[in-house]
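Q: I would like a close look at one part of this protein, with the terms spelled out as you go.

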Amino acid sequence: MQKLRCGIIGLGRVGKMHVENMYLLPQLDIVCAADSFIEEMSDWLSSVNITSGYKDYQEMLQRDDIEAVFIFTSTDMHEEIVTAAVQAGKHIFCEKPLSMREDEKASLAVLRAVKEKGVKLQIAFNRRFDPQFREVYELVRRGKIGQPQMIKITSRDPELLPHDLIKRIGGLIFDFTMHDFDMARFIMQDEVSEVYVKGNTLIDPTLKNIDDVDTLVVMLTFRNGGYALIDNSRRAVYGYDQRVEVFGSAGMAYADNVSESAVKVYNSQNCIMKNPLPDFALRYREAYRTEILHFIDSVLNHTPIVCTGEDALLAQRIAIAAKQSLKSGLPVKIKTDIQL
């Protein structure tokens with residue numbers, strides 16, 4: 001079996017989760033890893049058979065025996081590391097988004113460099129690969145619900161995040177709602193032309209100190225005249241709440257929450273069912289595995305990238321406009337063309 005030889009950059013909470021999934025894939029050979037705290041991770045590195053580690057990712061990128069890198073650092077480092085990986089001629093899998101900047105010039109420069117160097121760049125919009133959401137997408141794509149007119153997306157986290165982490169990975173819109181922006185584009189198969197946002201701190205008022213919110217409602221308008229409605233919350237006490245509904249001219253498709261069991265118990269008083277799964281690592285475990293497999297296939301067999309850098313840029317544009325709408329209280333128009 002042909003294997004993709006790769007290096008990992010970033011071994012925080014999300015990075016370790018990814019590596020523990022990747023370690024089980026026979027199509028992948030994880031040769032080395034880089035992290036600022038690599039010296040404190042020797043036992044964990046041994047547990048996933050990584051024998052070579054670097055504090056400086058630039059040093060790792062000089063290795064000729066790796067074809068690709070997986071970037072799992074905090075968002076504020078993505079553009080810098082992707083640029084360095086492109087210059088080193090490595091194929092790249094990067095967590096979303098490319099950037100939290102309101103000025104997209106740097107992201108455009110990254111995409112141009114990717115194109116000029118001829119490397120592959122996949123952005124980790126993992127929800128595209130979730131079996132339930134993918135089935136909804138395929139139903140829409142095959143015309144089973146007619147012309148899609150309205151999408152409803154619910155994304156609610158089970159717990160609040162520390163403020164210092166929020167500042168490094170982006171506030172609610174850039175870290176969390178970004179997934180929903182991409183999912184709305186993906187399912188509607190059209191571009192967003194306008195966004196209107198309302199948000200507040202109904203759970204943690206101190207988030208105002210870092211210019212963030214914990215409760216958000218978004219309305220997206222698409223070029224084709226359709227709409228998407230998104231609601232986000234930082235804390236759902238019953239679990240990780242992830243639902244998608246698409247309403248069209250010939251019907252509706254709906255993906256409900258995933259729980260440990262689909263069994264419901266009915267009696268004379270009520271119906272009892274399991275809560276949704278408790279966190280993103282469990283809810284999207286299969287999606288994380290599948291997106292990695294798609295990237296491996298793209299590099300080894302030259303199949304098309306599913307989530308491109310252009311997808312990241314378009315989702316970032318929606319996020320930038322959403323932040324502007326949140327501050328102004330007004331709808332904001334969005335440019336939908338990309339010129340590289």
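Which residues line the largest cavity?

A: The model is predicted, so local features need pLDDT of at least 70 and side-chain atom pairs count only at pLDDT 80 or more, while totals for chains, interfaces and linings use all residues. Residues are numbered from 1 along each chain as its sequence is written, and side-chain values use heavy atoms, with hydrogens and water left out.

The largest cavity is lined by R127, F133, I153, T154, S155, D180, M183, Q242, R243, V244 and Y284. A cavity here is a set of points, on a 1 Å grid over the protein atoms alone, where a 1.4 Å probe fits but cannot get out; lining residues have an atom within 4 Å of a point. Two or more of the lining residues come from each of β7 (148–156), α8 (172–188) and β11 (241–248). Helices (H or I, at least four residues) and strands (E, at least two) are DSSP runs, numbered from the N terminus. The volume of the largest cavity is about 40 Å³, a volume being the space filled by probe spheres set on grid points that are joined across faces, edges and corners. The structure has 1 cavity of 30 Å³ or more.

Sorted by class, the cavity lining has 5 nonpolar, 3 polar and 3 charged residues. Ala, Val, Leu, Ile, Met, Phe, Trp, Tyr, Cys and Pro count as nonpolar, Asp, Glu, Lys and Arg as charged, and the others, Gly among them, as polar.

Helix α8 also gives two or more residues to the lining of the largest pocket, as do α1 (13–22), α4 (78–87), α7 (163–169) and α9 (280–283). A pocket is an open set with protein on both sides within 12 Å along at least five of seven lines. The largest pocket holds about 1000 Å³ of space. Its lining has 45 residues, and R13, V14, F72, L165 and I169 lie nearest the centre. Helix α1 supplies the largest share of that lining, 5 residues. By class the 45 residues divide into 22 nonpolar, 11 polar and 12 charged.

The second largest pocket, with about 330 Å³ of space, has 19 lining residues, of which I210, D211, D212, V213 and K323 lie nearest its centre. Here too α8 gives two or more residues, along with α7, β8 (192–200) and α11 (309–328).
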